[in-house]
Amino acid sequence: MELYEQRVISGDIADVWQIATDVGRWPEWDPHEEAGEIYGPFETGTKAYSKPRGGPAAHWTLTEVTQGRSWSLINPMRIGTLKVENTYTPTGDGQVLCEKRMQVSGWVLVALFKLHFEKVTRSDMQATWVALENQLGA
């Protein structure tokens, strides 16, 4: 199962990247995140933890980081695996295209997403980008 959402926000790509990759500060501005912690530099192989509001805690690993452009993670769970790719593309007019692609696998996790998490996850993605844009203006 795959989920994809995107949104164009106003801001400088360097500022977007700095805020979006500061895992420990996510709960300060992102309405989706209750807790966040990263155990090293924001680079491939680093492990992290986050706790979305209304969802289970996630222990994940950065699988790919292209500085200033994109980052991916994997969150292996007993009931399936969640892979997430985040991409930020400057559009040349003071705006940034934010994209998120989630791949959900494992029949139990897929079923949970289809029955409960898909709609709220899509909404949360959009709310995060709105909050990110607001944080840029703060």
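**The pocket**

I began with the lining of the largest pocket and asked which element gives the largest share; helix 3 does, with 12 residues. Before going on, I noted that this is a predicted model, where local features need pLDDT of at least 70 and side-chain atom pairs count only at pLDDT 80 or more, while totals for chains, interfaces and linings use all residues. Residues are numbered from 1 along each chain as its sequence is written, and side-chain values use heavy atoms, with hydrogens and water left out.

Some terms I had to look up. Helices (H or I, at least four residues) and strands (E, at least two) are DSSP runs, numbered from the N terminus. A pocket is found on a 1 Å grid over the protein atoms alone: it is an open set of points where a 1.4 Å probe fits, with protein on both sides within 12 Å along at least five of seven lines, and lining residues have an atom within 4 Å of a point.

I looked up the volume of the largest pocket, and it is about 910 Å³ (the space filled by probe spheres set on the grid points, which are joined across faces, edges and corners). Of the 40 lining residues, H32, E33, P52, L82 and M102 are the closest to the centre. Several elements give two or more residues to this lining, among them helix 2 (26-29), strand 6 (80-90), strand 7 (95-105) and helix 3 (107-137). By class I get 25 nonpolar, 10 polar and five charged residues. Here Ala, Val, Leu, Ile, Met, Phe, Trp, Tyr, Cys and Pro count as nonpolar, Asp, Glu, Lys and Arg as charged, and the others, Gly among them, as polar.

Then I walked along the hairpins.

- Strand 3 and strand 4 are joined by four bridges, and A48 stands opposite W60 in strand 4. Five residues lie between the two strands of this hairpin, and G54 in the turn has a positive phi of about 80°.
- Strand 4 and strand 5 pair over five bridges, with E64 partnered by S72 in strand 5. Their hairpin has three residues between the strands, and G68 in the turn has a positive phi of about 75°.
- Strand 5 and strand 6 share eight bridges, and their hairpin has two residues between the strands.
- Strand 6 and strand 7 pair over 10 bridges; G92, in the turn of their four-residue hairpin connection, has a positive phi of about 90°.

I also followed V84 across: in strand 6 it is the bridge partner of L73, and in strand 7 the bridge partner of V84 is M102.

**Two helices**

Last, I checked how helix 1 (residues 13-20) packs on helix 3: the angle is about 115°, with the axes 10 Å apart. Axes are lines fitted to C-alpha atoms, for helices over the stretch in contact, and angles run from 0 to 180 degrees between N-to-C directions. That makes the two helices, helix 1 and helix 3, roughly perpendicular (65 to 115 degrees).

Definitions and conventions:
Two strands pair if DSSP finds at least two bridges between them. Angles under 35 degrees count as roughly parallel, over 145 as roughly antiparallel, 65 to 115 as roughly perpendicular and the rest as oblique.
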